[in-house]
Amino acid sequence: MAKLKVYNMNKEEVGSITLNDMVFGAEYNEPLVHQVVVALHNNARQGTKSTLTRSEINASKKKIYRQKGTGNARHDEKSAPQFVGSGVVFAPKPRDFSQKINKKMRDIAFASALSEKIRQNEVIIIDKIDFENAKTKEASNFLKTFGLSKRTIIVTDGKNDNVIRATGNIQKVSCEDAMLLNVADLVENTYLVFDKNAIKKLEEAYV
């Protein structure tokens, strides 16, 4: 069982928490984590980009001038791709980028990435995360206290409006509900700051 220290907002140790190894002590599977992160990003793509091909341009099909005798380069009709406003060669069209990742793969990748974060000492557990006045200064002082200068995600037990408002103007800091956390959130942030109730709820969801 993984055992981590629990701090208050002033970085004072106030206890410890024991976590299930099924979620927080899993072996790191980098290829699977990479596969799931790529799939998550691809599934978020809209795939709606579209431009017109040469055949879809509404222009005359007549050759713009005769082949020889003008002193100009040889050209076809106005819809040829070398002209401004003409069709695009190999034009992008709407497509589906989604990749299917089953639940078991997602769960294993999540536990793997989270366990690796714990091994790297990049997980911090706070007894109760809250910024009473929802001010940016409060959040900045909190981050300085814990030395969190790199990308950080604060994980709360449910939606916490005060935390969202306090961190909203700080670069490289985001806030997420524990139940909405995914593998990409774990991989793309250096530090994970958990509310104690949030990490327990996360454990219950995956065990």
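Contact here means heavy atoms within 4.5 Å. Among contacts in the protein chain between residues at least 6 apart in sequence, 68% join residues at least 24 apart. The model is predicted: local features need pLDDT of at least 70, side-chain atom pairs count only at pLDDT 80 or more, and totals for chains, interfaces and linings use all residues. Residues are numbered from 1 along each chain as its sequence is written, and side-chain values use heavy atoms, with hydrogens and water left out.

The protein chain holds 7 helices and 6 strands. Helices (H or I, at least four residues) and strands (E, at least two) are DSSP runs, numbered from the N terminus. Their order from the N terminus is β-β-α-α-α-β-α-β-α-β-α-β-α.

The C-alpha trace spans about 90 × 40 × 25 Å along its principal axes.

Of the 207 residues, 40% count as buried. Buried means under 20% relative accessible area, exposed over 50%, and partly exposed in between (1.4 Å probe, protein chains only). The chain exposes about 12800 Å², of which carbon and sulfur atoms supply 47%. Accessible areas come from the Shrake-Rupley method with a 1.4 Å probe; for residues, only the protein chains shown count as cover.

S86 lies in the loop between α2 (30-44) and α3 (103-119). S86 is buried, at a relative accessible area of 11%. Its side chain makes polar contacts (pairs of N or O atoms within 3.5 Å; within protein, one must be able to donate a hydrogen and the other to accept it, and residues adjacent in sequence count only if both atoms are side-chain atoms). The S86 side chain reaches the backbone oxygen of F83 at 2.4 Å. It also reaches the backbone oxygen of P81 at 3.3 Å. Not counting residues up to four places away in sequence, S86 touches I57, K78, S79, A80 and P81.

Most residues other than glycine have a negative phi. K11, not a glycine, has a positive phi of about 65°. K11 sits in the loop between β1 (2-7) and β2 (13-19). Its relative accessibility is 43%, so K11 counts as partly exposed. N121 also has a positive phi, near 55°. N121 is found in the loop between α3 and β3 (123-126). At 65% relative accessibility, N121 counts as exposed.
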